[in-house]
Amino acid sequence: MADANLPENVWVVLAAYNEQQRIGPVLDDLLGVVRNVVVVDDGSSDQTSREAVQRPVWLLRHAVNLGQGASLQTGLSFALSQGAAYLVTFDADGQHCAADIPALVGALESHSADYAMGSRFLGRATGIPFLRKLTLRLAVLFTRLFSGVRLSDAHNGLRAMTRAGAERIQLTLNRMEHASEIVEQIAASGLKYVEVPVHIKYTAESLSKGQKSSHAIGLAVKLLIEKVLR
Amino acid sequence: MNLFQLVFVPICVGLSNPPGPWQPPWRFQVVFVPICLALALHAALRVWRRRVRRRWGILVTAGWLATAWLIAYPASTFVVAQRLGIGRGTDLVMYLAVLSGLFAAGYFYDRYRRLEVIVTELVRRDALSHAQHGGTSDNATQTRLEQT
């Protein structure tokens with residue numbers, strides 16, 4: 001049963017890659033809050049799609065693995081084509097809490113903003129390793145330096161946006177670099193953004209599969225190359 | 001001193017004044033000078049047949065000719081290096097090799113990104129046109145959406 005206080009046209013987009021074990025509980029949690037969920041199976045080799053399609057959600061399948069950025073763009077495009085008024089990006093690995101979505105969408109309405117960015121540092125980050133925390137802090141500095149956007153948590157995948165905001169987002173960096181690209185596009189749009197405290201749960205499973213701290217240097221180098229060559 | 005005076009004049013002077021007489025070719029030159037000349041001819045023919053942009057084709061042709069010259073007259077790099085203030089000819093060749101490597105890396109990265117964009121677009125269109133809505137039963141609804 002979806003949250004009665006949420007507008008009907010809220011669409012949640014999840015990018016899922018080999019999430020057979022986790023996608024079910026995540027979708028069950030989400031469907032308790034929102035009605036419209038889009039799962040983009042990013043070329044999984046396991047039963048992620050089969051697990052997802054057993055629930056009343058939209059399933060889009062990438063024929064090959066492209067990356068989280070590409071998957072989110074596919075999901076956002078689909079949700080927009082279905083008339084979404086509010087769009088939420090959500091991780092499929094169980095780190096995010098569906099209960100945070102009403103606060104994110106509510107912030108869009110109460111602040112007349114077009115982007116509501118979740119922040120684990122304004123909210124709670126349960127079980128976050130020290131190295132991950134340090135890397136995320138450095139990412140905040142990097143983002144502030146290159147995009148001029150002052151956020152307390154630049155790489156949080158839990159964010160909400162209005163239709164107007166989503167229409168300004170056109171992710172071209174397919175993999176994890178999209179987290180910086182989306183912040184840059186938000187800055188370039190000139191639209192208003194707010195930060196909202198959210199709760200991120202780190203588990204052994206999510207840490208083993210998610211973005212590694214050691215990848216941060218590679219991501220930074222790729223972003224710099226993109227800036228030089230584009 | 002403009003770019004032409006700084007770069008092209010020393011190169012032209014260096015190439016037109018090879019130090020020392022022509023030496024009988026040894027094996028490396030016998031193999032690589034004809035290869036470079038053939039590649040220069042190939043590049044020139046592509047310009048002539050308008051298969052590539054003229055400016056780019058002329059640059060590539062000139063590059064292969066210069067390479068052939070430098071292989072035939074290795075000592076001529078010294079003259080160019082001296083005029084450019086680099087010092088040793090080997091340093092000049094090394095700098096040119098590094099610059100060429102960076103240029104090639106940038107060129108191929110750009111090609112890779114264009115290809116990635118095309119593949120992404122194809123995969124995305126396929127995914128959007130085969131959107132499927134699940135349900136609690138096994139009879140999932142499959143919907144073909146209109147191409148947007």
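This is a predicted model: local features need pLDDT of at least 70, side-chain atom pairs count only at pLDDT 80 or more; totals for chains, interfaces and linings use all residues.
Local features need pLDDT of at least 70, side-chain atom pairs count only at pLDDT 80 or more, and totals for chains, interfaces and linings use all residues. Residues are numbered from 1 along each chain as its sequence is written, chains are lettered from A and ligands numbered from 1 in the order in which they are written, and side-chain values use heavy atoms, with hydrogens and water left out.

Start with chain A. Nine helices and seven strands make it up. Helices (H or I, at least four residues) and strands (E, at least two) are DSSP runs, numbered from the N terminus. Of the 230 residues of chain A, 56% count as buried. Buried means under 20% relative accessible area, exposed means over 50%, and partly exposed lies in between (1.4 Å probe, protein chains only). Contact means heavy atoms within 4.5 Å. Among contacts in chain A between residues at least 6 apart in sequence, 75% join residues at least 24 apart.

Now find strand β1 of chain A, residues 10-16. Seven of its seven residues are buried. One side carries A:Val10, A:Val12, A:Leu14 and A:Ala16. The other carries A:Trp11, A:Val13 and A:Ala15. Both faces are covered. Strands pair if DSSP finds at least two bridges between them. β1(A) pairs in the parallel sense with strand β4 (residues 86-91) of chain A, over six bridges. It also pairs in the parallel sense with strand β2 (residues 36-42) of chain A, over six bridges. A:Trp11 has A:Leu87 as its bridge partner in β4(A), and stands opposite A:Asn36 in β2(A). Helix α3 (residues 68-81) of chain A holds A:Phe78. That residue counts as buried, because its relative accessibility is 1%. A:Phe78 and A:Trp11 are 67 residues apart in sequence, yet 9.9 Å apart in space, C-alpha to C-alpha.

Next comes the contact between the chains. It takes 27 residues from chain A and 23 residues from chain B. The two chains bury about 2,100 Å² between them, 58% of it on carbon and sulfur atoms. Buried area is the accessible area (1.4 Å probe) that two parts lose on being put together, summed over both. In chain B, B:Tyr109, B:Arg113 and B:Arg124 lose the most area to chain A, together 28% of what that side buries. On the side of chain B that touches chain A, α5(B) gives the most, with 13 residues. Strands meet here too. β3 (residues 58-62) of chain A and β1(B) run antiparallel, joined by two bridges. A:Leu59 stands opposite B:Gln132 in β1(B).

How many salt bridges are there between chain B and chain A? The count is zero. A salt bridge is a side-chain nitrogen of Lys or Arg within 4 Å of a carboxyl oxygen of Asp or Glu. Over all chains, the count comes to eleven. A:Arg55 forms one with A:Asp28, the closest N and O atoms being 2.7 Å apart. The pair links distant parts of the chain, 27 residues apart. A:Arg55 is buried at 14% relative accessible area, whereas A:Asp28 is partly exposed at 43%. A network of salt bridges links A:Asp28, A:Glu51 and A:Arg55.

In chain B, B:Arg125 and B:Glu121 meet in a salt bridge (3.3 Å, N to O). They are four residues apart in helix α5 of chain B, so about one helical turn separates them.
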